[in-house]
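Visitor: I am new to reading protein structures. Could you walk me through one, a feature at a time?

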Amino acid sequence: MTAGKLGLTELASWKALKTNFEKVKNDHLRELFSMEADRGGRLAVEAEGIYFDYSKQRITDETMQLLLALAQESGLKAKIEAMFRGDKINLTENRSVLHTALRVPKGKAVMLEGKDIMPEVHAVLDKMAGFAEKIRKGEWQGYTGKVIKNVVNIGIGGSDLGPVMAYEALKNYTKRGLLFRFVSNVDDTDFAEATQDLNAEETLFIISSKTFTTLETMTNAHTARAWVLKTLKDTQAVAKHFVAVSTNAVEVSKFGIDTANMFGFWDWVGGRYSMTSAIGLSNMIAFGPENFRAMLDGFHQMDEHFRNVAFEKNIPVLMGLLGIWNTSFFGAETLAVLPYEQYLKRFPAYLQQLTMESNGKQVTITGDRVDYQTGAIYWGEPGTNGQHSFYQMVHQGTKLIPCDFIAFTKALNPIGRHHDILAANVFAQAEALAFGKTAQEVKMDGAPDTLVAHKTFEGNKPSSMILMDKLTPNALGKLIALYEHCVFTQAAVWQINAFDQWGVQLGKVLADKIIPELESQEAPVLKHDSSTNTLIKRYRKLK
């Protein structure tokens with residue numbers, strides 16, 4: 001994923017953007033809209049069922065042309081092709097990045113090292129579908145012959161965040177006779193609360209761990225095993241109440257799971273890009289194979305859009321470039337993702353891993369320290385809840401907080417005026433952020449002089465609007481893939497590797513050293529810093 005011999009800040013387009021930034025940084029959206037009568041319709045793209053309005057971003061036509069030139073000069077097109085072609089663009093781990101292959105329909109080939117990998121991909125999907133239907137139809141019975149009514153997914157990171165988010169997002173499409181729970185945290189409370197009202201005879205656990213060695217997941221898995229056996233007594237019951245999403249057949253078998261009920265995936269699937277692999281087994285059970293495949297089709301449609309459409313009409317490319325403009329030029333440190341759809345309540349949390357684990361990097365792919373801002377901090381809550389929480393800071397605080405608004409024109413549960421009120425709020429918030437309210441306007445409303453400053457809204461807060469028809473499985477797939485490719489676009493321009501996560505490892509290594517120091521019956525010799533040593537001693541004394 002090299003960007004040529006020049007560093008990012010040495011590129012002609014980057015230098016031109018710096019000049020442009022100095023020229024436009026004080027422009028106000030009020031003036032931009034006043035001067036450009038067609039701005040609202042012109043700075044928008046409609047494709048694949050998504051209407052993307054970026055007219056409320058603090059850009060001019062020249063800015064956009066230079067950002068598009070930056071994408072070209074950064075070799076984005078070639079990098080996109082390298083990913084889809086299966087080149088080992090994850091250089092630090094020497095891996096291909098082919099999560100896009102997970103959603104390619106039957107009948108199409110994807111070659112990797114001279115082999116078509118699609119037969120294996122669809123074999124796993126078909127196996128998942130067969131198993132899911134057995135659960136959904138009550139054909140899979142537990143050890144005592146009772147039908148499975150509860151499904152608990154145990155995983156962490158990409159093995160949890162994607163399935164949880166998709167389950168909540170598509171809850172309207174789920175089989176309501178089944179209860180789904182998700183356990184990720186090694187905190188014992190997570191497991192205790194997830195199982196406290198369940199009957200072991202009616203519960204199936206899905207253990208999601210590629211290596212079947214992840215500390216948190218396997219700790220919870222063994223706790224689940226003990227919980228089942230406390231009721232069912234016989235170790236043979238494990239095979240009827242546990243399945244695995246893993247590639248480690250030896251450890252899966254040792255645990256007691258029949259390897260016939262092991263669902264595999266491949267090292268070219270990164271954890272945070274894995275929800276369309278077997279990691280999504282709980283989702284396929286929840287909303288069915290047909291809806292799962294509709295979601296995959298949504299992913300694939302956005303994949304094809306990203307790969308084939310010219311950059312000036314390419315929604316993930318435009319989103320990515322606008323994010324670079326806000327982050328690396330305006331110095332915005334965060335991005336608020338604000339879905340006006342209650343079913344998407346876990347979407348911002350899902351995006352935190354996708355974006356921040358991918359682009360939270362301080363060195364380029366060549367190992368050189370960057371001298372510009374990279375990935376933004378992603379956060380957010382559903383509207384309208386957030387309006388009564390943190391929107392105060394977005395409107396009148398001292399920090400620049402760009403926003404992505406996500407809205408739908410149709411409700412999944414229409415009740416009276418609810419959806420019109422919801423939609424009115426999302427449009428109003430974007431309008432208020434952009435244009436604000438001047439002191440003169442506040443005075444004209446009759447505010448006393450003592451309150452004018454308090455009621456003045458500066459405006460000029462950048463936002464984009466993602467508007468779709470309604471939240472279907474297909475729409476969810478498009479929405480997730482949209483952000484995946486936005487992340488890729490930014491990484492390609494910033495010259496960083498979006499597909500490794502070495503920053504996750506150090507804390508794990510240190511925790512492995514501290515665990516026996518907490519559990520030892522004899523006080524061990526501690527060789528940490530004075531703060532850590534004191535905390536360990538205090539914990540041992542008080543536990």
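Guide: Gladly! Let us begin with strands: two strands pair if DSSP finds at least two bridges between them. Helices (H or I, at least four residues) and strands (E, at least two) are DSSP runs, numbered from the N terminus. Here, N150 stands opposite L179 in β6. Strand β5 (residues 150–154) pairs with β6 in the parallel sense, over five bridges.

This is a predicted model, where local features need pLDDT of at least 70, side-chain atom pairs count only at pLDDT 80 or more, and totals for chains, interfaces and linings use all residues. Residues are numbered from 1 along each chain as its sequence is written, and side-chain values use heavy atoms, leaving out hydrogens and water.

Visitor: What is the strand order in the open sheet of five strands?

Guide: The order is β6-β5-β7-β8-β9, with parallel pairing. At the edges stand β6 (179–183) and β9 (262–263), each with a single partner strand, so one side of each has no neighbour in the sheet.

Visitor: How many bridges join β1 to β2?

Guide: Four bridges join strand β1 (residues 44–47) to strand β2 (residues 50–53), and these two run antiparallel. V45 has F52 in β2 as its bridge partner. The hairpin they form has two residues between the strands, and E48 takes a positive phi near 55° there.

Visitor: Is C403 buried or exposed?

Guide: Buried means under 20% relative accessible area, exposed over 50%, and partly exposed in between (1.4 Å probe, protein chains only). C403 counts as buried because its relative accessibility is 1%. C486 is buried too, with a relative accessible area of 2%. Of the 543 residues of the protein, 53% count as buried.

Visitor: Where does helix α20 bend?

Guide: The bend at a residue is the angle between axes fitted to the seven residues ending there and the seven starting there. Helix α20 bends by about 25° at K513, and a proline, P516, follows within four residues.

Visitor: And how many helices and strands does the protein have?

Guide: Its secondary structure comes to 21 helices and 13 strands. The C-alpha trace spans about 75 × 60 × 55 Å along its principal axes.
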